[in-house]
Amino acid sequence: MFGELQPIGGGDPIPLLKKSLRIGRRENCDIVLRFANVSAHHCELALRDGYWFVTDSNSRNGTKVNGKRVSEMRLDPGDILSVAKHRYEVHYSPSELGAIGPPPRDERSDEIFGTSLLERAGLDRREGEDDRYDILEDKGGRFRDPDKPV
């Protein structure tokens with residue numbers, strides 16, 4: 001066994017028996033979650049260099065790690081994996097699974113350092129944009145479209 005997913009709120013733990021697992025509603029998945037809000041092939045878990053990684057399979061209701069929607073991310077021990085609205089605590093030991101040294105990079109560090117604060121807030125100016133606003137106030141206190149004549 002390579003670890004387990006412990007359902008939050010109770011239930012039997014789900015053993016991670018292979019190094020690559022498909023999670024979804026369909027019977028051909030390795031981990032079958034029979035819930036209407038779980039996609040047929042919702043996400044995949046893969047063990048790489050002693051760490052589990054989750055990859056969302058373009059699911060309708062999303063895959064989250066610690067409350068944040070992700071497309072792919074490393075799962076550290078104790079992380080909360082959400083498949084649609086169903087939450088599981090991840091239990092495993094990286095050192096027992098062959099991890100050596102620091103954990104491999106994942107999106108957590110790329111998100112934080114890969115973009116500016118202004119860009120993440122949607123406030124950055126793109127090349128070619130001018131400084132005017134889309135709506136202007138005229139002398140009478142009314143708002144008007146700047147592209148239409150007064």
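## Salt bridges overall

Searching the whole of this predicted model turns up 5 salt bridges. Side chains of opposite charge can pair when their charged atoms come close.

## A loop-to-loop pair

Start with D30 and K18, whose side chains form a salt bridge with N and O 2.8 Å apart. This pair ties together distant parts of the chain, 12 residues apart. D30 sits in the loop between β3 (20–24) and β4 (31–32), while K18 is in the loop between β2 (14–15) and β3.

How accessible are the two partners? D30 has a relative accessible area of 38%, so it counts as partly exposed. K18 comes in at 42%, which also makes it partly exposed.

## A strand-to-strand pair

Next up is R22 with E44, a salt bridge in which the closest N and O atoms are 3.9 Å apart.

R22 is partly exposed, at 31% relative accessibility. E44 is partly exposed too, with a relative accessible area of 32%.

## A buried pair

Then there's R74 and D76, where the side chains meet in a salt bridge at 2.7 Å, N to O. Are these two buried or exposed? Both R74 and D76 are buried, meaning that each has under 20% relative accessible area.

Key. Residues numbered from 1 in each chain as written. Predicted model: local features only at pLDDT ≥ 70, side-chain atom pairs only at ≥ 80, totals over all residues. Heavy atoms only, no water. Salt bridge = Lys/Arg side-chain N within 4 Å of Asp/Glu carboxyl O. Helix = DSSP H or I, 4+ residues; strand = E, 2+ residues; numbered from the N terminus. Buried < 20%, exposed > 50% of the residue type's maximum accessible area, 1.4 Å probe, protein only.
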